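Here are my notes on the model, as numbered points. Please read them with the structure open.

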Amino acid sequence: MTEEPEHPEEGQHLPGEHFAETVQEIGPWRVAMLWPLDTVAGAGGPRSIHIEPRDGADSQEVARGITTTILRRVDIAAAAKEVENFAPWAQIARGAVEDLQQRKVEEFRQRLAALPKGVSDEYLAVISDLYVRIVEAGHRAPLQELETWTGTKQATLKGHLRAARQRGFLTKVEGKAGGRLTDKAITTLKGIDVEDAPQP
């Protein structure tokens, strides 16, 4: 395992993210996985997987290329465990990320409180926007994540999302979480003062 790569590829990470790299050697191949430290402890996998011939690999094996057998032998679970148990600096970095996340949550809640009271159009547009972002980010329990950001109980949030769909801010997806913002939601979001607009 290495520390954060010196030259991460363009588009590989977001500003402020911290990474660790795991390496597995499978046959003639070197498999390097890049892990965001703030997602390893929860749901999620590596941000990227890079496979290349390892030093001293048999040229005939390399010539056959990367097969499905090789891909099946990539052990993402073992790599995740390796990152989770990484050196103390990684745990400190992960703690810093969690602290930053908590500050962002508190700031979001303050801005949410500045919106018109009750289940207003502005509130429903913002909640719909946050919900769509959470689902698109791949969170396995979007209502739980929404509760974390808003401080509102999941049962209440279910009602708010139902109201958002009924009032035309969020589309419905049959049988699963998700949906899309409607034109009404986008227009409402544009009308909210930028200083007061919650930014997850």
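1. Strand 2 (residues 29-36) is largely enclosed by the rest of the structure, because 7 of its 8 residues are buried. Buried means under 20% relative accessible area, exposed over 50%, and partly exposed in between (1.4 Å probe, protein chains only). Strands (E, at least two residues) and helices (H or I, at least four) are DSSP runs, numbered from the N terminus.

2. This is a predicted model: local features need pLDDT of at least 70, side-chain atom pairs count only at pLDDT 80 or more, and totals for chains, interfaces and linings use all residues. Residues are numbered from 1 along each chain as its sequence is written, and side-chain values use heavy atoms, with hydrogens and water left out.

3. Strand 2 runs antiparallel to strand 1 (residues 19-26), and 8 bridges join the two. Strands count as paired if DSSP finds at least two bridges between them. Phenylalanine 19 has proline 36 in strand 2 as its bridge partner.

4. Strand 2 also pairs with strand 3 (residues 48-53), again in the antiparallel sense, over 6 bridges. Here methionine 33 stands opposite isoleucine 49 of strand 3.

5. The structure holds 1 aromatic pair. Phenylalanine 108 and tryptophan 149 form this edge-to-face pair, at 5.7 Å centre to centre and 80 degrees between the planes. Rings of Phe, Tyr and Trp (its six-membered ring) pair with centres within 6.5 Å; planes under 30 degrees apart count as stacked, over 60 as edge-to-face and the rest as tilted. Phenylalanine 108 lies in helix 5 and tryptophan 149 in helix 7 (residues 142-150), so the pair ties together parts 41 residues apart in sequence. Both phenylalanine 108 and tryptophan 149 are buried.
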